[in-house]
Amino acid sequence: MKNMLKVFIGTLRLFLLFAGCTILFYYGIMWINQEYENYRRYDEPEGTAVKAFQPFGDEDHGWFSRLLLFYQNGE
């Protein structure tokens, strides 16, 4: 009878530890989500930022030349 009670208490402790860690992980993820929810990543940068991509002049590139450029650069 004592052995069965020890097993039950050990199982209960393990369950409570698992539930506590799960709740802690859940609220941690919710906190991180809330922090990044209001993050405006598409705003224009401040300061002396420059545009990273500049097209080649005013030429109109067709889909085939863009595909070849894609394969040549390995992007």
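Residues are numbered from 1 along each chain as its sequence is written, and side-chain values use heavy atoms, without hydrogens and water. Because the model is predicted, local features need pLDDT of at least 70 and side-chain atom pairs count only at pLDDT 80 or more, whereas totals for chains, interfaces and linings use all residues.

The protein has two helices and zero strands; helices (H or I, at least four residues) and strands (E, at least two) are DSSP runs, numbered from the N terminus. Helix α1 covers residues 2-37, and its 36 residues should span 52 Å at 1.5 Å a residue, which agrees with the 52 Å between its end C-alpha atoms. The expected span is 1.5 Å times one less than the number of residues.

Of the 75 residues in the protein, 0% are buried, where buried means under 20% relative accessible area, exposed over 50%, and partly exposed in between (1.4 Å probe, protein chains only). The number of buried residues among the 36 of α1 is zero, so this helix lies largely in the open.

The whole structure holds three aromatic pairs. Rings of Phe, Tyr and Trp (its six-membered ring) pair if their centres lie within 6.5 Å; planes under 30 degrees apart count as stacked, over 60 as edge-to-face and the rest as tilted. One of the pairs joins tyrosine 26 and tyrosine 27, whose ring centres are 5.2 Å apart and whose planes stand at 75 degrees, so the pair is edge-to-face. Tyrosine 26 is partly exposed, at a relative accessible area of 45%, while tyrosine 27 is exposed, at 55%. Tryptophan 63 and phenylalanine 64 also form an edge-to-face pair, with 6.0 Å centre to centre and 85 degrees between the planes. Here tryptophan 63 is exposed, with a relative accessible area of 67%, and phenylalanine 64 is partly exposed, with 49%.
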